[in-house]
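Hi everyone, thanks for coming. Let me put the sequence and the structure on the screen, and then we can walk through them together.

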Amino acid sequence: MRAKRVAVIMGGWSPERDVSLVSGRAACKALENLGHKVKTIDAKRNLCDQLLNIFPSEVPDIVFNALHGEWGEDGCVQGLLEVMGIPYTHSGVLASALAMDKERAKQALAAAGLPVPGGHLITSPEEFAAIDIEPPYVVKPNASGSSVNIFIIREGDNRKITDLIKDPAAFAEGILVEPYIPGRELTVAVMGDRPLAVTEIIAHTDFYDYEAKYADGGSSHIVPADLPPEITQACLDMALKAHQVLGCRGVSRTDFRFNESLGINGLFILELNTQPGLTPTSLAPEQAASVGISFEEMVDWMIGDASCRR
């Protein structure tokens, strides 16, 4: 591929800003090593102007989207890039918005025959009081990523939902309350039409939260996971199908819980991430390496896969 003018957008103003900066720097270094003309943008609300002025008299050939969380990962930035006619990495507008809305993504996956947890979407503490769910259960934002503000309520825990979700505005996007699925944490990255591997994540915290994901020593990754062959194949097949059902492109990552005592019936999709992290502890690059794809090769493939409706 000839050298491209690549703008790496990162940072932004979501709660996942710090992780995005790390992902963006890693992508930038890889792209420079590949010989591309690379500029970084710490995304602000005038992102259109930033993109128009990043290269002298020229717009970027490609945007490498290293943003995480709302605005950057939920279809908003993707829509801007479509209007500007600039090809970009990762999923398009619809897939990005759908995957970020966990409840609607679950509905789409369930309609396609994929196993997802039950649960309730609530928009107020009063709604929570009216639902019928017994501990243990999980409380998490409906439209956020990186395991931010996720809580597990166990038997005997007398915390109220207002003790967990203190900002009333958080209810506007909805709060998911789901049964807690005991068992093993598994994940599969998909690259185009290829599921890469199954990783088992062993958190060194209470569960696989933000700290476990990104802090040094927060978790251990076993890749490939030590699983029965039929479970490994089921994870690979389900991750690819989830990627296709939501209309994703580029690289995605699907997270699972596996209750071994139920066999194949104990495998559930928790969510799909359309812009997996590219940090030193991130799972997608680790899986790529396990099947012989270097980080630079992965990033180069992502640039080649970038597109928009132009």
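**Charges and rings**

Let's start with arginine 154, whose charged end sits over the ring of tyrosine 180, 5.5 Å from the ring centre. By "over a ring" I mean that NZ of Lys or CZ of Arg is within 6 Å of the ring centre and within 35 degrees of the ring normal. Before going on, please note that this is a predicted model: local features need pLDDT of at least 70, side-chain atom pairs count only at pLDDT 80 or more, and totals for chains, interfaces and linings use all residues. Residues are numbered from 1 along each chain as its sequence is written, and side-chain values use heavy atoms, with hydrogens and water left out.

Now, which residue lies over the face of tryptophan 71? That is arginine 45, at 5.0 Å from the ring centre. Tryptophan 71 has a positive phi of about 75°, although it is not a glycine. For background, most residues other than glycine have a negative phi.

How many aromatic pairs does the structure hold? There are 2. Rings of Phe, Tyr and Trp (its six-membered ring) pair if their centres lie within 6.5 Å; planes under 30 degrees apart count as stacked, over 60 as edge-to-face and the rest as tilted. Tryptophan 13 and tryptophan 71 have ring centres 5.9 Å apart and planes at 40°, so this pair is tilted. Tryptophan 13 lies in the loop between strand E1 (5-10) and helix H1 (17-33), and tryptophan 71 in the loop between strand E3 (62-65) and helix H3 (76-84), so the pair ties together parts that are 58 residues apart in sequence. Those labels are DSSP runs numbered from the N terminus: helices (H or I, at least four residues) and strands (E, at least two).

Phenylalanine 128 and tyrosine 137 form a tilted aromatic pair too, 6.0 Å centre to centre with 55° between the planes. Are these two residues buried or exposed? Buried means under 20% relative accessible area, exposed over 50%, and partly exposed in between (1.4 Å probe, protein chains only). Phenylalanine 128, at 17%, counts as buried, and so does tyrosine 137, at 7%. Tryptophan 13, in contrast, is partly exposed at 35%.

Next, two helices. The axes of H1 and helix H11 (residues 295-305) come within 9 Å and cross at roughly 90°. Axes here are lines fitted to C-alpha atoms, for helices over the stretch in contact, and angles run from 0 to 180 degrees between N-to-C directions. H1 and H11 are therefore roughly perpendicular to each other; the cut-offs are under 35 degrees for roughly parallel, over 145 for roughly antiparallel, 65 to 115 for roughly perpendicular, and oblique for the rest.

Let's finish with some backbone details. The peptide bond from proline 135 to proline 136 is cis, with omega near 5°, and proline 136 is found in the loop between helix H6 (125-130) and strand E5 (137-141). Another cis peptide bond joins valine 223 and proline 224, where omega is about 0°. Histidine 90 has a positive phi, near 70°, and is buried, with a relative accessible area of 4%.
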